[in-house]
Amino acid sequence: MLGFIVRRTLLAIPVLLGIVVVVFLLIRAIPGDPCTSLLGERATEEACDRFNEAKGLNEPIPVQLGIYMRDIVTFDLGDSVRFSRPVNQLLIERLPLTIELAMSALTIAVLVGVPLGILAARRHNTLVDSATMAFANVGVSMPVFWLGLMLAYLFAIVLQDTPLALPPSGRLTAGVFSEPYYEVWGWTLQEGSLWAKFNEFVANHVIFNSFITGQWDVWWDAVRHMVLPAVALATIPLAIIARITRSSLLETMGKDYIRTARAKGASERRVVRSHALRNSLLPVVTIIGLQLGLLLGGAVLTETVFNLAGVGRALFDAITGRDYAVVQGFTVVIAAGYVLVNLLVDLSYAYLDPRIRIE
Amino acid sequence: MTFDRREMVDAIVTEAADPARLTDKPMSQWRLAMRRFRERKSGMIGLGIIVGLILVAVFAPLLAPFEPNQVLVGVEENVRPRDPPCVHLFGCEDERPQHVLGVDGNVRDELSRVIYGSRVSLTLGFFTVTIALVVGSSLGAIAGYVGGWLDNIIMRMMDVVLGFPSLLLAIAIVAVLGPGLRNALIAIAIVTLPAYARVMRAQVLAIKESDFVAASIALGAPARHIVLRRVIPNSLTPLVVLATLGVATAILEAAGLSFLGLGAQPPLAEWGSMLASERNQVFTAPHLVFFPGLAIMITVLGFNLMGDGLRDALDPSLNK
């Protein structure tokens with residue numbers, strides 16, 4: 001198992017390198033340059049020269065790539081031209097939101113999608129099955145941004161004065177503040193140290209932070225703000241997961257060993273739970289892993305609709321504003337996350353299907 | 001038992017080898033597929049939606065009460081920006097002008113814009129998939145047929161494209177090319193290429209080893225003939241399914257790009273950008289967000305249902 005993990009991890013490195021290089025080149029192919037985008041169209045040549053000198057943008061492209069590679073290895077992602085702040089700091093502030101959003105969406109998608117798929121398969125060719133699949137078909141066809149706007153309208157306007165009303169934008173109500181756990185617990189952290197930054201990053205997961213420190217009002221506020229974006233983002237993956245679970249379970253239920261299990265006199269419940277389900281989950285796990293890319297793309301749209309300051313929206317702003325360092329840094333982090341998730345998917349394969357471990 | 005089975009297999013083999021049967025086999029295969037397709041309700045619903053949409057797009061000038069970009073100020077009385085839907089039949093006061101889906105922020109008839117929007121979305125879906133299909137399957141066919149280092153280079157390039165979340169890559173490509181409908185179309189075609197390349201390559205690899213290709217080679221057929229006459233016709237099935245589902249994806253992603261302001265530009269009546277331009281008014285004029293989005297959803301649903309129906313019909317192994 002250890003050998004398998006090591007081998008799989010090493011295989012991920014070239015993919016990651018390829019992505020870094022492609023992003024680096026692609027971003028430099030974007031017409032216009034950071035100087036005019038920041039200093040304005042009428043920036044003088046000397047001003048631009050000074051600007052490029054300061055940001056290291058007047059070096060030859062291969063040199064820039066080399067410097068960039070070195071910086072990635074040392075966790076120095078450069079400074080945002082637009083915000084005049086380190087990309088690391090932007091990531092610390094914005095990544096937690098997107099992680100919480102994607103995780104909430106994925107949780108909803110799995111917790112609802114898998115049981116729905118099982119239900120449809122168990123009631124194959126009944127009204128329940130048709131209704132579930134109709135729902136799934138509509139679900140995959142829904143534009144995320146449209147669903148988000150419609151949910152916002154429904155829960156913020158139509159249900160305004162009912163207990164079901166939910167806030168349509170932002171992460172917390174204005175004035176509500178999630179006090180970081182290290183301050184609540186009176187930790188002394190050295191300002192600017194890596195450890196302090198790590199703690200800041202963890203504490204910026206507002207739902208998590210307010211939960212562990214028992215700030216229940218803040219927690220409830222954060223959860224209420226998260227419901228609509230998470231549901232909007234979850235719809236497509238949910239529908240896909242339900243469909244795959246259904247077809248995979250149906251296929252497994254037709255196998256010979258299921259007939260054998262039934263012949264032995266196992267109860268239908270036992271046949272489904274211990275014989276069919278585990279074997280039919282393999283494609284489901286693959287699909288769940290693949291949803292991450294969809295979630296990140298959807299996060300750009302969801303964060304736009306719900307005015308959330310996450311990485312999706314920041315990356316969009318950076319691409320259109322030619323903020324090289326931000327695009328590079330964020331993409332590397334996203335790609336690393338992507339590769340990591342694929343790695344976890346492969347490892348969960350090995351757990352679900354022992355045959356893969358032996359090879 | 002085993003003996004019976006062998007007898008049955010023999011019977012099938014003899015029957016299949018019968019030359020008279022061989023000649024009409026492709027025909028009956030198609031007929032079988034058509035019948036299987038018709039039997040599935042969802043596929044037929046999808047086909048119905050698509051045919052309906054094509055009719056709407058073709059006859060848009062006859063169906064739409066106004067020109068899509070016609071500003072109604074001065075044309076009608078009592079018309080204000082973002083008027084909600086008004087149908088006289090359903091009790092809307094007679095003094096207000098009739099607008100089935102309401103009026104948009106620039107005082108244009110929303111229904112006419114939604115109707116004309118079908119032209120944009122269908123054209124876009126069709127062209128995107130055509131580009132992705134032609135380029136992607138050519139790359140896949142070359143990779144699979146030639147093999148070796150060329151195969152490696154092409155497929156690793158496809159892997160890198162797949163390594164990005166598709167919408168983010170599309171955003172980056174549009175940023176390089178500049179915003180606009182045509183560039184959005186190219187970007188979506190590029191991010192969807194790998195699927196076609198992979199499927200085509202797998203098909204070619206399988207067909208390359210088949211006996212009828214070996215026979216063609218033995219007869220001295222040139223490579224071009226083998227690819228065009230033997231390989232491509234036999235690998236069409238999964239590509240047809242993929243392309244139908246691809247139209248759905250293309251329309252959805254294009255709407256997303258337009259929503260972000262990177263696709264269709266105003267005043268073009270495109271559903272995604274219509275929705276985007278009114279999104280800040282969703283709380284006061286929800287109909288201007290609801291209807292364009294509904295149109296996108298119905299269109300995408302149509303192609304998804306049709307694609308699923310085709311897959312079930314064309315791949316007998318899935319039928320149980």
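Predicted model: local features only at pLDDT ≥ 70, side-chain atom pairs only at ≥ 80, totals over all residues.

Mentor: A crossing of two helices is called left-handed if the near helix is turned anticlockwise from the far one by less than a right angle, and right-handed if it is turned clockwise. Two packed helices are described by the angle between their axes and the distance between the axes.

Helix 5 (residues 110-146) of chain B and helix 13 (residues 287-314) of chain B pack at an angle of about 30°, their axes lying 11 Å apart. Because angles under 35 degrees count as roughly parallel, helix 5 of chain B is roughly parallel to helix 13 of chain B, and the crossing of these two helices is right-handed. On the side of helix 5 of chain B the contact is made by B:Glu110, B:Val114, B:Gly117 and B:Ser121, and on the side of helix 13 of chain B by B:Leu288, B:Phe291, B:Pro292, B:Ala295 and B:Thr299. An α-helix has 3.6 residues a turn, so residues three or four places apart point the same way. Sorted by class, the residues of this contact comprise five nonpolar, three polar and one charged.

Helix 13 of chain B also packs with helix 3 (residues 41-58) of chain B, here at an angle of about 135° and with the axes 7 Å apart. These two helices are therefore oblique to each other, and the crossing of helix 3 of chain B and helix 13 of chain B is left-handed. The contact of helix 3 of chain B with helix 13 of chain B has 12 nonpolar, seven polar and two charged residues.

Elsewhere in chain B, some backbone details in the loops deserve attention. The loop between helix 4 and helix 5 of chain B holds B:Asn78, whose phi is near 60°, a positive value in a residue other than glycine; B:Asn78 is exposed, having 10 other C-beta atoms within 10 Å. B:Val107 lies in the loop between helix 4 and helix 5 of chain B and has a positive phi near 55°, but with 18 C-beta neighbours inside 10 Å B:Val107 counts as partly exposed. In the loop between helix 11 (236-259) and helix 12 (271-277) of chain B sits B:Pro267, and the peptide bond leading from B:Pro266 to B:Pro267 is cis, with omega near 5°.

As for confidence, chain B averages a pLDDT of 85, and 89% of the residues score at least 70. For the complex, the predictor gives an ipTM of 0.83 and a pTM of 0.84.

Turning to the partner chain, 34 residues of chain A are in contact with 33 residues of chain B. Among the elements of chain A that each supply at least two residues of the side touching chain B are helix 7 (144-158) and helix 14, and helix 7 of chain A gives the largest share, seven residues. That side of chain A divides into 26 nonpolar, eight polar and no charged residues. Eight of the 10 residues of helix 14 (residues 311-320) of chain A are buried, so this helix is largely enclosed by the rest of the structure. Just after helix 14 of chain A, A:Arg322 takes a positive phi of about 55°.

How values were computed. Residues numbered from 1 in each chain as written. Chains lettered and ligands numbered in written order. Buried ≥ 20, exposed ≤ 12 C-beta atoms within 10 Å, placed from the backbone. Helix = DSSP H or I, 4+ residues; strand = E, 2+ residues; numbered from the N terminus. pLDDT = per-residue confidence, 0-100. Contact = placed C-beta atoms within 7 Å. Nonpolar A, V, L, I, M, F, W, Y, C, P; charged D, E, K, R; others polar. Axes fitted to C-alpha atoms, helices over the stretch in contact; angles between N-to-C directions. Parallel < 35°, antiparallel > 145°, perpendicular 65-115°, else oblique.
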